[in-house]
Amino acid sequence: MSNIFPPPLVKRLNEEFHFEDKPYFDSDEPSKAALIIVDLQSDFLPKGSLAVPRGDEIIPVVNNLQKHYDLIIATQDWHPAAHKSFASNHPDKEVMETIILDGREQVLWPDHCVQGTKGAELVETLESNKIELVVRKGTDVQIDSYSAFFDNGHKKSTGLAGYLIEKGISKLAVCGLAADYCVFYTAMDALELGFEVEIITEGTRAIDPETFAKKIELFKEKGGTVSS
Ligand SMILES: [Zn+2]
């Protein structure tokens, strides 16, 4: 079979999803690239409830990047107020403490990106006309979801991988906030799914730059690329 997708993705799609029968899978079109803008929301900007230092600096970069991609996707952290990742929902715990939630380590965050609030909105100055899909994540009270593809336990998919495949996308660039959490885990899941993945460092900022520096090495070891 000849098609535009990287071999690991082809293997997985055929074995698990039987995509060899789908007409859009076998295409002569050149491979396409999508930009995923992760969680560029008011609560993650300076003055927001979970501010990423210098997060506002990336907005013009992200706006400018969009013209280089065939498809633009945004994600939106979108939590119910009772979300278990909020320290406020654990009376004896402090912000940034770690607990075990459903068998996994969970950092306890300040309340952020609560559904329907101003802080959860995409940043006003983000150019949004070209965004074709907004993926909302973190909607399940019981489990956090850093990645745009799966919750942190990989129990439920957001459907994004299937969407990208039907759109003929084989390459992904990831930017947004925060580099060491949602950007990193989105990029890692994309690699594991078989996409070619790039993290754009000028288009992201970390909560903790040292943590991000370590994680980016892991991302590169797994085959990801990094550009400024
Ligand atoms: Zn969150």
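Colleague: What share of the contacts with a separation of 6 or more comes from residues 24 or more positions apart?
Modeller: In this predicted model, such pairs account for 71% of those contacts in the chain.

Colleague: Okay, and how many helices and strands are there?
Modeller: Five helices and eight strands. Reading from the N terminus, the order is α-β-α-β-β-β-β-α-β-α-β-α-β.

Colleague: What percentage of the residues is buried?
Modeller: That would be 39% of the 228.

Colleague: Let's switch to the sheet. In which order do its strands run, and is the pairing parallel or antiparallel?
Modeller: The order is E5-E2-E1-E6-E7-E8, an open sheet of six strands with parallel pairing.

Colleague: Which strands stand at the edges?
Modeller: E5 (131-137) and E8 (225-227); each has a single partner strand, so one side of each is left without a neighbour in the sheet. From one strand to the next, the twist averages 25°.

Colleague: Zooming in, how many bridges join E1 to E2?
Modeller: Four, between residues 32-38 of E1 and residues 71-77 of E2. Within that pair, Ala-34 stands opposite Leu-71 in E2.

Colleague: And which strands does helix H4 lie across?
Modeller: H4 (residues 179-193) lies across E1, E6 (169-177) and E7 (196-205). Its angle to E7 is about 170°.

Definitions and conventions. Residues numbered from 1 in each chain as written. Predicted model: local features only at pLDDT ≥ 70, side-chain atom pairs only at ≥ 80, totals over all residues. Helix = DSSP H or I, 4+ residues; strand = E, 2+ residues; numbered from the N terminus. Buried ≥ 20, exposed ≤ 12 C-beta atoms within 10 Å, placed from the backbone. Contact = placed C-beta atoms within 7 Å. Pairing = 2+ DSSP bridges. Axes fitted to C-alpha atoms, helices over the stretch in contact; angles between N-to-C directions.
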